[in-house]
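Let's take a walk through this protein together.

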Amino acid sequence: MMENEFSLPDSLEVKPFTGNLEKIYANKLPVSSDTQIFFNQIASQLPSMLAANTLSSSNLYTIRFPKGINGELIRLKQGGFGAMLRNPESGRFVGTASYFPVNTASEVAVLGMFSAMSVATGQYFLTQINNKLTMINQKLDKVLEFLYGNKKAELIAEINFIRYAYQNYSSIMQYGEQRVATITSLQEARKVAMRDIEFYLHDMDTTVNAKVSHGNDLEDMVQKTFAIHESVDMAMQLYAVSMLLEIYYSQNTSQEYVTYLQHEFDSYIEKCDKHTLHYLGDLKRRVVEGWNFAPMRGRFDKSTNLQKLENEIESLMDGNSKKYEDVRTAISALSEPAEYVMSIEGDLYYTKNAS
């Protein structure tokens with residue numbers, strides 16, 4: 001091959017864009033200023049990646065990754081590209097390895113394209129889950145109102161870190177050592193979430209089975225149970241987002257790894273829903289039975305509390321896991337065929353998963 005010749009790898013396709021302009025303009029990817037500079041460099045290489053006489057009349061190009069954007073190298077600030085190093089015994093990420101290519105400008109652009117687009121896509125999908133999860137979209141003082149008990153401080157500290165990792169994803173991904181440290185902290189946050197879920201479920205069991213002697217006790221039992229239920233939900237959100245961010249920061253989308261995490265995640269949702277339904281059912285029974293005894297009534301509002309319980313039970317039976325559909329979509333997107341449109345000016349548009 002001549003020095004100035006360049007052939008595209010099998011994992012990348014580039015061709016002139018011929019689709020619907022209005023459809024793609026709605027999905028412009030938000031990128032940092034540093035990434036935009038790099039996309040501008042990629043855009044300048046697009047014509048040279050095409051065969052002769054195939055230039056785009058609209059100055060828009062389709063970029064397709066048939067195997068998904070997984071296993072990419074990360075462009076390093078000092079130049080070259082990086083890969084993650086994992087300790088095979090602990091499973092933790094312990095460092096990075098750097099590669100410094102000496103290829104043509106087009107090859108460098110393609111290598112960087114993998115990582116830059118992966119980060120931009122990650123930011124796109126992280127934005128999609130924002131409106132579904134209160135842990136991310138509500139102010140911390142509001143989140144604090146949900147939390148209960150002596151795990152409150154531990155949980156809010158991890159939630160605060162997850163929000164930081166979520167908001168600064170694009171920036172942190174550019175710095176290998178900071179990225180490794182963030183992944184380690186995400187793994188710790190996931191363990192804290194699992195531990196707190198177990199704690200709160202046990203606490204809910206204890207609460208709904210406690211002895212009561214009058215209506216005020218019953219009122220306290222209902223209020224405490226719902227406070228615990230909110231805390232379980234927050235811990236579950238922490239678990240979901242920390243798992244998602246670990247995958248996005250590591251860019252480890254090997255089938256075994258992702259399948260394991262998804263199976264564990266679905267098992268936890270099922271476990272939480274099953275146990276919570278059981279405990280709320282027990283509480284409903286106690287509210288109905290307790291009201292039959294005059295001393296239990298006191299200032300207890302049976303109608304309001306019973307309706308609240310029935311609404312929550314119905315919601316759980318309809319499927320609490322629907323809340324996490326965007327999380328599942330964000331995980332699967334990295335390993336599925338993906339398609340983009342890039343303008344000659346370097347603007348990037350995501351056209352959803354390629355068919």
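**A walk from helices to strands**

Let's begin with a pair of helices: helix 10 and helix 13 are roughly antiparallel to each other, because the angle between them is over the 145 degrees that this label requires. Keep in mind that what you're looking at is a predicted model. In general, a pair of packed helices is described by two things, the angle between their axes and the distance between those axes. Here, helix 10 (residues 255-290) and helix 13 (residues 325-333) meet at about 175°, and their axes are 11 Å apart. On the helix 10 side, the contact is made by V258, Q262, F265, D266 and I269, while helix 13 brings V327, R328 and I331.

Now step back for the overall picture. The protein chain holds 13 helices and seven strands. Of its 355 residues, 47% count as buried. Take the contacts between residues at least 6 apart in sequence: 78% of them join residues at least 24 apart.

Next, find the loop between helix 9 and helix 10, where Q251 sits. Most residues other than glycine have a negative phi. Q251 isn't a glycine, yet its phi is positive, at about 55°. Is Q251 buried or exposed? Its relative accessibility is 4%, so Q251 counts as buried. S254 lies in that loop between helix 9 and helix 10 too, but with 31% relative accessibility it counts as partly exposed. Look across from S254 to S335: they are 81 residues apart along the chain, and their C-alpha atoms are separated by 8.1 Å.

Back up into helix 9 (residues 215-250) and you'll come across E230. At 33% relative accessibility, E230 counts as partly exposed. E230 and Y200 are 30 residues apart along the chain, with 9.7 Å between their C-alpha atoms.

Another helix to pick out is helix 6 (residues 152-167), which has 16 residues. From its first C-alpha to its last, helix 6 reaches 22 Å, close to the 22 Å expected at 1.5 Å a residue. Which residues of helix 6 are buried? They are L155, I156, E158, I159, F161, I162, R163, A165 and Y166.

Time for the strands, starting with strand 2. Six of the six residues in strand 2 are buried. In a regular strand, side chains alternate between the two faces of the sheet. You can trace this in strand 2: L60, T62 and R64 point one way, Y61, I63 and F65 point the other way, and all are buried.

Which strands pair with strand 2? Strand 1 (residues 13-16) runs antiparallel to strand 2, and four bridges join them. Strand 2 (residues 60-65) also pairs with strand 6 in the antiparallel sense, over six bridges. Strand 6 (residues 338-343) is itself mostly covered, with five of its six residues buried.

Technical notes: Residues numbered from 1 in each chain as written. Predicted model: local features only at pLDDT ≥ 70, side-chain atom pairs only at ≥ 80, totals over all residues. Heavy atoms only, no water. Buried < 20%, exposed > 50% of the residue type's maximum accessible area, 1.4 Å probe, protein only. Helix = DSSP H or I, 4+ residues; strand = E, 2+ residues; numbered from the N terminus. Pairing = 2+ DSSP bridges. Axes fitted to C-alpha atoms, helices over the stretch in contact; angles between N-to-C directions. Parallel < 35°, antiparallel > 145°, perpendicular 65-115°, else oblique. Contact = heavy atoms within 4.5 Å. Expected span 1.5 Å × (residues − 1).
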